[in-house]
Each structure stands twice: as structure tokens, then as C-alpha cells.
Amino acid sequence: MMDERYLRAVRDALVKHQQWLLRDPLGKGRRADLSFYDLTGLGLNRVNLAGAKLTGAALTRARLVGTTLSKADLYGADLSKADLSGAQLQNADLRGARVDGATLRNANLQGADLRRGMVLESGEFRAAGNADGATTFVGCSMAKAVLTSCRMAQCDFSGSDLSGADLSDSDLSGAILIGANLSDAMMRRATLDGVLMCGAQLNEELRTALERRGIDVDGTGATTTAARLSELISAHQLWVDKSGKTGERIQLQRADLRGCNFANQLLCGAVMRFCGLRGADFSGAKLMMADLSYSDLRDADFTSADLSGCNLEGANLTGAKLWRTRLRTVDLSGDGSRLWPTNFSKARLTGADLRDASLAGVLLRGTDLTAIKTSLATLKGADLTDALGRQALTA
């Protein structure tokens, strides 16, 4: 909780900013400078912060519904998990900002700058955003957001819901849209050189338009590691067998592993995030506590694999074979005090085969279960409250 004096300083800055916006003739107004302030969880719904300086500020979980942030300086800020529904961010500077997991439904970011940008540390000041200067919108809810005429080269939108969003006339050179939902999105005249889109959800009209432009919508554009896969697996198995004392853990991101064979391999704790794994064979593999989040796993084969405690958040598992897959919660402490569930949050399981697998205890927040193949055991004890397509399953 904020110190009262700290909170009073924030309030005073906001009051003076409103006077500044009104061009107070008495000269009492002043542009708000809350750079590097910790504003975590602060309620700022519908406040006019147009032109405010918020460089490097921490706005994690802040409530910014309908807030005006046009031309605001959010360089290097942290807006992760903030609620920016309907916010006005036209021409805002978001370079180097971390906006992961935020809600930006119906937000207007027209003309915003989402390119890379690093804030160098100066004394006690340290930017709350991404230390490497990347601008990230990973796992965001951005349905029907306006992103026209934006500069967002290399911006990361992996796993974000951009359904119905307008990205027309924007520069998406090298942008990352792995596993993103682009259904009904508009990308007219957008620059798409080097864009990564593997596993993205596209309606046929958009898919056809992109393919006509020569965009490899199913490719990864990432470095192929298939040639040294056997070496990586051997080192990882040694890492598991020796409890991390020797060997090397598999830690891959944005690797092209389409169609690779991982059958019956020991892959506990492996990291393969944002990877292209379409059609990969994981049958019989041990993937306990592995991280495959936001990866393209369409048509992958997990028959009889052990995915207990595995992180598959935001992964595209459309048409995947999960027959007889183990999806149990992992007891980390051995006494039931630390339970780690299998995570399918925001994953797409459309048409996946889940027969003889149990979803009991599995995290299913925002999971698309449309047209999955089930048996009597699949849904018994499962919490489908926040799952998509649950109406058809329970009808």
C-alpha cells in the first residue's frame, strides 16, 4: 500500500495536470511528471493524462479504463496486467514498455510508437519496463483495438487476442504474432516484412490476403534447431538424471521444430516457448513441469504422454492428439501444500482428441474447447466455468 505522503504527491500532480490541460490562466497548472513512480494497482479510470510524463513508471495492475493517455510518455513503463479497456493512447510513446497480460479491448492506439527503446539506469532511477528494451504485449486482450498507423517493428504480441483489431497502415516489420488471435483483424497496407505468425488464428479472408502478399503464415521464420536436436535431448536427459548438476536444460524460444520426433523422450522441465512445433511427435514423452506456452502445436501427437504440471498457456493445440495423456497436478512439496496444476489457460484445443484423458484440476481459463473429442473420463471433475465452448460440452 502506498505511503500517504507519496499518494498525496501523486494526487497533487494529477490536479495540477488537469489545470495544465485547461491552460489555467493563473499559471498554477503543470504537466504531470510521474516518471519512475510506483503506481501499482492505482485506480485512474477515466482520468485525463494526455501528454503526461510516465517514463519508466510501474503501472502493473493499474485501473485505467477509459483513461486518456494520448501523447503520453510511457517509455519503459510497466503496464502488465493493467486494465486499459477503452483507453485513449493515440500517439503515445510506449517504446520498451511491458504490457503483458493487460486488457486493451476497444482501446485506441492510433499512431502510437511501440518500437524498441531502452532506458539507461541513472542513480536510483530504474525503468519498470523491459530491461532489454523490447516492447511486449504478450497474452494481451486487445479485441477490436485500434492500432492503425503505429510504429511497432519487432513488437511482441505473442498469444494476444487481436480479434477484430485494426492494424492497417502500421509498420509490423519483424513483429511477433506467434499464437495470436487475428480473426477478423484488418491489416490493409500494413508493412509485414519478417513478421512471425506461426500458430496465429486467421479467418480465411485474411489468410488468403496475406498469402497473396507472400507472407508465410504457417512458418516460424525462426532458426532451425532440428539438426542438433538429438544433442540437445541427450544433454537435457543428463540434466534431469543428475538433478541439474551436469548436462544442460533445453531452453528454446521461437525455434522451428515442426514435425520433429520427441517420442518417448525424457523432457521434464524442458522450455520450448513460442516455438513452431506443428505436427511434432511427443507420444509417450515425459513432459512434467515443461513449458510449451504460446507454441504452435497444431496436429501434434501427445498420445500417452505425461503433461502433468506442464505449462501450455496460450498454445495452439488445434487438432492435437491428447489421447490417454496424463494431465495431473504435481505435488511439489510431497505433503499437498504446494500443488502445481497443468495449465491450458487461453490455449486453443479446437478439435483436439482428449479421449481417456482427464481435465480434472487443469487450469482452463479462456481455453477454447470447441469440438474436442471426449470420453466419460474427460470432463469428470473439470472446472469449465471460464472455458470457451463449454455450452456445447455440457448441453
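At 24% relative accessibility, Arg95 counts as partly exposed, a class that lies between buried (under 20% relative accessible area) and exposed (over 50%), with a 1.4 Å probe and protein chains only. The model is predicted, so local features need pLDDT of at least 70 and side-chain atom pairs count only at pLDDT 80 or more, whereas totals for chains, interfaces and linings use all residues. Residues are numbered from 1 along each chain as its sequence is written, and side-chain values use heavy atoms, with hydrogens and water left out.

Side chains of opposite charge can pair when their charged atoms come close. The criterion for a salt bridge is a side-chain nitrogen of Lys or Arg within 4 Å of a carboxyl oxygen of Asp or Glu. Arg95 meets this criterion with Asp93, where the closest N and O atoms are 2.7 Å apart. Asp93 itself is buried, at a relative accessible area of 17%. A salt bridge also joins the side chains of Arg95 and Asp113, at 3.6 Å from N to O. Both Arg95 and Asp113 lie in the loop between α1 (4-21) and α2 (204-212), so this pair ties together parts that are 18 residues apart in sequence. Here helices are DSSP runs of H or I with at least four residues, strands are runs of E with at least two, and both are numbered from the N terminus. Asp113 is buried, with a relative accessible area of 5%. These contacts belong to a network of salt bridges that links Asp93, Arg95, Asp113, Arg115 and Arg151.

The structure holds 15 salt bridges. One of them is formed by the side chains of Asp296 and Arg298, at 2.8 Å from N to O, and both of these residues are buried.

Five aromatic pairs are found in a search of the whole structure. In one, Tyr6 and Tyr37 form a tilted pair, 5.3 Å centre to centre with 40° between the planes. Tyr6 lies in helix α1 and Tyr37 in the loop between α1 and α2, so the pair ties together parts that are 31 residues apart in sequence. Tyr6 is partly exposed, with a relative accessible area of 30%, and Tyr37 is partly exposed at 24%. The ring centres of Phe262 and Phe282 are 4.6 Å apart and their planes are at 5°, so this pair is stacked. Phe262 is in the loop between β1 (251-253) and β2 (271-273), and Phe282 is in the loop between β2 and β3 (330-331); the pair links distant parts of the chain, 20 residues apart. The terms follow from geometry: rings of Phe, Tyr and Trp (its six-membered ring) pair if their centres lie within 6.5 Å, and planes under 30 degrees apart count as stacked, over 60 as edge-to-face and the rest as tilted. Phe262 and Phe282 are both buried, and ring pairs link Phe262, Phe282 and Phe302 into a cluster.

A charge over a ring is found at Phe274. Arg254 lies over the face of Phe274, at 5.0 Å from the ring centre; the criterion is NZ of Lys or CZ of Arg within 6 Å of the ring centre and within 35 degrees of the ring normal.

Most residues other than glycine have a negative phi. Gln154, although not a glycine, has a positive phi of about 70°; Gln154 is in the loop between α1 and α2 and is partly exposed, at 46%. Arg324 likewise is not a glycine and has a positive phi of about 60°, in the loop between β2 and β3.

On a 1 Å grid over the protein atoms alone, a cavity is a set of points where a 1.4 Å probe fits but cannot get out, a pocket is an open set with protein on both sides within 12 Å along at least five of seven lines, and lining residues have an atom within 4 Å of a point. Grid points are joined across faces, edges and corners, and a volume is the space filled by probe spheres set on the points. One cavity of 30 Å³ or more is found, and the largest cavity has a volume of about 40 Å³. Its lining includes Leu69, Val99 and Phe137. The largest pocket holds about 420 Å³ of space and is lined by 22 residues, of which Gly159, Asp161, Asn181, Lys346 and Gly366 lie nearest its centre.
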